Each structure stands twice: as structure tokens, then as C-alpha cells.
Amino acid sequence: MYHKILRDASLYDVLFKIDLDLAASRRAGGCSACGGRLHSARFRRKPRGGPEDLDPEYEWRLSFCCAVEGCRQRATPASVRFLGRRVYLGAVVVLVTAMTHGVTPRRAAELRAVLGVKRRTLERWRSWWCGIFVASPFWRSVRGRFMPPLAVGALPGSLLERFGVEAATTVTRALQFLAPITMSSPRVGACTPMGG
Ligand SMILES: [Zn+2]
């Protein structure tokens, strides 16, 4: 059920609008170090796995920089489009991992081929969900919300199941839920050398 949605441009439009909202509220909050005004300091990404007509705006990760000289703290908002520093879009990481869990090796290979994801990449994603993600402070703080508890061995599919039945809504909600983990991005601290 998730296969088609990965090629559906309207999903990516919705996710982009949510990212704009997340960025606007982060910007409104000002610099977390000095309270100063934030100005745009978005940086380049080369996202993989989306549809061919993906909006060129996806080549940018929204981010800000404190305008106060001597502070210049970077402020990167949460995102539903990018999951940390992975080159694949968050929707792809979530959906492909979920789709290839518990299927035959042959079916998994077919899905990887269609979506252009290498076996080793997929294995890295799986071990991230089962290892780093379940050990993260974020997950430890939210896992109690799920009753009955989520089957961590079946993540992220077991997570998607709790967010509805309609594919686009399900993945959008799951990415919104996961958005807090995307703030620990590679670009933290002072951002003076970073352009764009
Ligand atoms: Zn500042």
C-alpha cells in the first residue's frame, strides 16, 4: 500500500508545507542562545528516492542563523522531509524499511530495485531503527504513549500501523511524530562559515 505513495508528488508537497510551518515557528522563537533575530541560512541537500518531478526546493534544508554578531548560533528546525543526514528522503527511509520487513528475500530485492536502494543501505536503516533509534532519548520519552507497546523489532512498520490506514496520511503523521529527532542535525553551533 505504500509503494505508490512514494512516487506521488502530492505527498512531497504536503511535507514541504509542513516543513515551512516548522521553520516559521522555529524562526519566530528567535535564537536559543541570545534571543536574537534569526535569518535564513538554509543549506544544500541532494535528496534521493523521491519522484522525478520533485520540487527543486527539496535541494534545500531550511535552517537559520542568529543575526547577532558574536553569537551567530545556527538554528535548524525539525523537518518531515529529511531524517537527519541521510541522503534518502525521510519518507523513503521509513516506507522502504517498513515495506521490506517480513517479506520474502525475493520481494525485498524487487522493492529495492524499483526504489533504487542498495541492500547495504537498507541493512543500515534497519539496524538504525532497531539500535540507535530505540536507544535514543526521544524514543525512551515517547514509547510509553503506545499501548499496547510497539514491537520494536518491526519498526518502523509497527509505528506506521498506529498512525492510520490511508498511506499518505499515515506517513505524514509518522514523519511529524519523528520530526524532533531531525533537529540534532549535522550543522549545530556557530554557522558563520556556512553560506546559502
Ligand atoms: Zn544568538
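Reader: In which helix is arginine 120 found?

Author: Arginine 120 is found in helix H4, residues 119-135. A helix here is a DSSP run of H or I with at least four residues, a strand is a run of E with at least two, and both are numbered from the N terminus. The structure is a predicted model, in which local features need pLDDT of at least 70 and side-chain atom pairs count only at pLDDT 80 or more, while totals for chains, interfaces and linings use all residues. Residues are numbered from 1 along each chain as its sequence is written, and side-chain values use heavy atoms, with hydrogens and water left out.

Reader: Why is arginine 120 called exposed?

Author: The relative accessible area of arginine 120 is 66%. Exposed means over 50%, buried means under 20%, and partly exposed lies in between (1.4 Å probe, protein chains only). Arginine 120 is therefore exposed.

Reader: Which residues form a positive surface patch?

Author: Arg48, Lys118, Arg120 and Arg124 form the positive patch. Patch residues have over 30% relative accessible area and no salt bridge; like charges are joined within 9 Å, and nonpolar side chains (Val, Leu, Ile, Met, Phe, Trp, Tyr) within 5 Å. Lys and Arg count as positive, Asp and Glu as negative, whereas His and the chain ends are not counted.

Reader: Is arginine 81 buried or exposed?

Author: Arginine 81 has a relative accessible area of 1% and is therefore buried. Aspartate 19 is buried as well.

Reader: What links Arg106, Arg107 and Glu110?

Author: These residues are linked in a network of salt bridges. The closest N and O atoms are 3.7 Å apart for arginine 106 and glutamate 110, and 3.3 Å apart for glutamate 110 and arginine 107. Arginine 106 and glutamate 110 both lie in helix H3 (residues 105-115), four residues apart, about one turn of the helix. Arginine 107, also in helix H3, is three residues from glutamate 110.

Reader: Why does glutamate 110 count as partly exposed?

Author: Its relative accessibility is 36%, and glutamate 110 therefore counts as partly exposed. Arginine 107, at 35%, is partly exposed, whereas arginine 106, at 65%, is exposed.

Reader: Why is arginine 61 called buried?

Author: Arginine 61 lies in strand S3 (residues 60-61). Its relative accessible area is 3%, so arginine 61 is buried.

Reader: What is the order of the strands in the open sheet of three strands?

Author: The order is S1-S4-S5, with antiparallel pairing. Strand S1 (38-40) and S5 stand at the edges, because each has a single partner strand and one side of each is left without a neighbour in the sheet.

Reader: How do you know that S4 and S5 pair?

Author: Two strands pair if DSSP finds at least two bridges between them. Strand S4 (residues 64-66) and S5 are joined over two bridges, in the antiparallel sense, so they count as paired. Phenylalanine 64 stands opposite alanine 75 in S5.

How values were computed: Areas by Shrake-Rupley, 256 points an atom, 1.4 Å probe, with all protein chains shown as cover. Salt bridge = Lys/Arg side-chain N within 4 Å of Asp/Glu carboxyl O. Charge placed at Lys NZ, Arg CZ, Asp CG, Glu CD.
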